[in-house]
Structure formats: structure tokens, C-alpha cells
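Me: Got a model open and want to talk it through. Can you walk me through it as I ask?

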Amino acid sequence: MGNSEQARSSRRSFLTRSLSAGAGLAGSTVLGGAAGAPPAAAEPAPPPETRKVTLSVNGTRTTLDLDVRASLLDTLRDRVGLTGAKKGCNQGACGACTILVDGRRTLSCLTIAARYEQREITTVEGLAGGDALHPVQRAFVEHDGFQCGFCTPGQVMSAVGLLAERPDVPDAEIPELMSGNLCRCAAYQNITAAIRDARGTV
């Protein structure tokens, strides 16, 4: 065998040994160490911290054992059974979860429920008086201020809060002051008309 043939044979042998060693190392890494050793068991997550919280929602006091991390939106929907406030983006960007806290507009998806004891929480379910719609709800119906309806509870609650803050809000400022509430159906003109019509009634 010539020198060149011996060199090629040596290189092949070296590469074969290197690849075999690499495959063995990768296999032991994937399998979690030495061959045949079982992977380490993951430690169970600690249980969530809970505390008793009393919330006043639509005039009714409710005491719940809550995860201290629970949002007010999830608490209202999953624990209190009030599903009017919607989970849209869950990041405070769409306004579908808008409720009132002490009469002021609040994004419930960004709000920790346990912090809202001793506060008065109002959801869209608490607006109407029996069969009589709230003036803002009635204006939304009369002006077709909705299409699919998903964003409507948040739009209505934001409008109620806006008119409480600014009873004489000028027409030109309504779109900007409602800009935190998105409508994918683009019913903005009718929503603005409804709010304009409801001025002075809140």
C-alpha cells in the first residue's frame, strides 16, 4: 500500500472513531447521563398561595378563597359567574374586559382581584335596573352600536365611565377618549353616536 493510500486509510479510521465517540456522547446527554440511568424526576410545583377575599360586585358582597395572583377578570368570570367582561387580548390593549371600580374605568385583566377589597366593582350585568336598560345600553341598541357583540360590554362600561367623568364631553373628543376600546367590526361611528345621545343621562 502506498503512502497516499495509507494516509487516506488513517483519515477514514480517525473520522470513524471521532463520529462514533460523538454519537455516544450525544446519546448519553439525551438520555440524561450514563447509559441506562433514568432521567431525574421534576420536582412538583408548590401550591399557589391563597387568601380569603371579600369583593363587592354589583352591590353584592362575595367572599372567596382566591389565588393571590388571580386577575379580577378571571375571578369575575370563573368564580363569581359574571361573564359579561370578556377576555380579548389579556394584555390591557383591547378594552373588552373594562369594568368600573368606584365608578372609574378599569381594565380587569390587568387587575389583581385580592387588591380590590373595600372597593365597589360594577360589571355590565349590574347596569340595568330589572328590565329597564341603563341609558347607555339603550342608546347602544337604538344606534346599533355593535355588530358581533364581543366588545360591546367593554364599550358600554367604558362609555358609562367616560360620561361620569365628562358629562359634557365634546363630540370631537369622544373617539379619542374611547380609543382604549377596540371594535374589530369597526362600528365606531355608531358607538360614538350612542355616546353622544346618552350625554346628560349618566
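Me: Is Lys87 buried, exposed or partly exposed, and what is its relative accessibility?
Reply: Lys87 counts as partly exposed, at 37% relative accessibility. Buried means under 20% relative accessible area, exposed over 50%, and partly exposed in between, with a 1.4 Å probe and protein chains only. This is a predicted model, where local features need pLDDT of at least 70, side-chain atom pairs count only at pLDDT 80 or more, and totals for chains, interfaces and linings use all residues. Residues are numbered from 1 along each chain as its sequence is written, and side-chain values use heavy atoms, with hydrogens and water left out.

Me: Which side chain does Lys87 meet in a salt bridge?
Reply: That of Asp74, at 2.7 Å, N to O. A salt bridge here is a side-chain nitrogen of Lys or Arg within 4 Å of a carboxyl oxygen of Asp or Glu.

Me: Where do Asp74 and Lys87 lie?
Reply: Asp74 is in helix H2 (residues 72-80) and Lys87 is in the loop between H2 and strand E3 (98-101), so the pair ties together parts 13 residues apart in sequence. Helices (H or I, at least four residues) and strands (E, at least two) are DSSP runs, numbered from the N terminus. Asp74 is partly exposed too, with a relative accessible area of 25%.

Me: How many salt bridges does a search of the whole structure find?
Reply: It finds 7. One of them joins Glu165 and Arg105, with the closest N and O atoms 3.2 Å apart. Glu165 sits in helix H4 and Arg105 in strand E4, so that pair ties together parts 60 residues apart in sequence. Glu165 is partly exposed, with a relative accessible area of 31%, and Arg105 is partly exposed at 25%.

Me: What does Arg166 meet in a salt bridge?
Reply: The side chain of Glu173, at 2.8 Å, N to O. Arg166 counts as partly exposed at 33% relative accessibility, and Glu173 is partly exposed with a relative accessible area of 30%.

Me: Let's zoom out. How many helices and strands are there?
Reply: The protein has 6 helices and 5 strands. From the N terminus on, the elements run α-β-β-α-β-β-β-α-α-α-α. Buried residues make up 33% of the 202 residues.

Me: Which residues have the most contacts inside the largest nonpolar core?
Reply: Val136, Phe140, Met178, Ile191 and Ile195, in a core of 22 residues. A nonpolar core is a set of buried Ala, Val, Leu, Ile, Met, Phe, Trp, Tyr and Cys residues joined through side-chain atoms within 4.5 Å. H3, H4 and H6 are the elements that give two or more residues to this core, and H4 gives the largest share, 6 residues. Apart from it lies another core, of 18 residues, among them Leu64, Leu66, Ala85 and Tyr116.

Me: Which residues of H6 are buried?
Reply: In helix H6 (residues 188-198), Ile191, Thr192, Ala193, Ala194, Ile195 and Ala198 are buried. The buried residues of H6 pack against H3, H4 and helix H5 (174-177). Just after H6, Gly200 takes a positive phi of about 85°.

Me: And what does Phe140 touch?
Reply: Not counting residues up to four places away in sequence, Phe140 touches Gly145, Phe146, Thr152, Gln155, Val156, Ala159, Ile191, Ala194 and Ile195. Contact means heavy atoms within 4.5 Å.

Me: Where is Phe146 found?
Reply: Phe146 is in the loop between helix H3 (135-142) and helix H4 (152-165). Phe146 counts as partly exposed, at 34% relative accessibility.

Me: New topic: is Ser108 buried or exposed?
Reply: Ser108 is buried, with a relative accessible area of 0%. Ser108 is found in the loop between strand E4 (104-107) and strand E5 (120-122). The side chain of Ser108 reaches the backbone oxygen of Cys97 at 2.7 Å. Leaving aside neighbours within four places in sequence, Ser108 is in contact with Ser71, Leu72, Leu73, Ala85, Cys97 and Ile99.

Me: What about Ile112, which residues is that in contact with?
Reply: Beyond neighbours within four places in sequence, Ile112 is in contact with Val68, Arg69, Ala70, Ser71 and Leu72. Ile112 also lies in the loop between E4 and E5, and counts as partly exposed at 30% relative accessibility.

Notes:
Polar contact = N/O pair within 3.5 Å; in protein donor to acceptor, adjacent residues only side chain to side chain.
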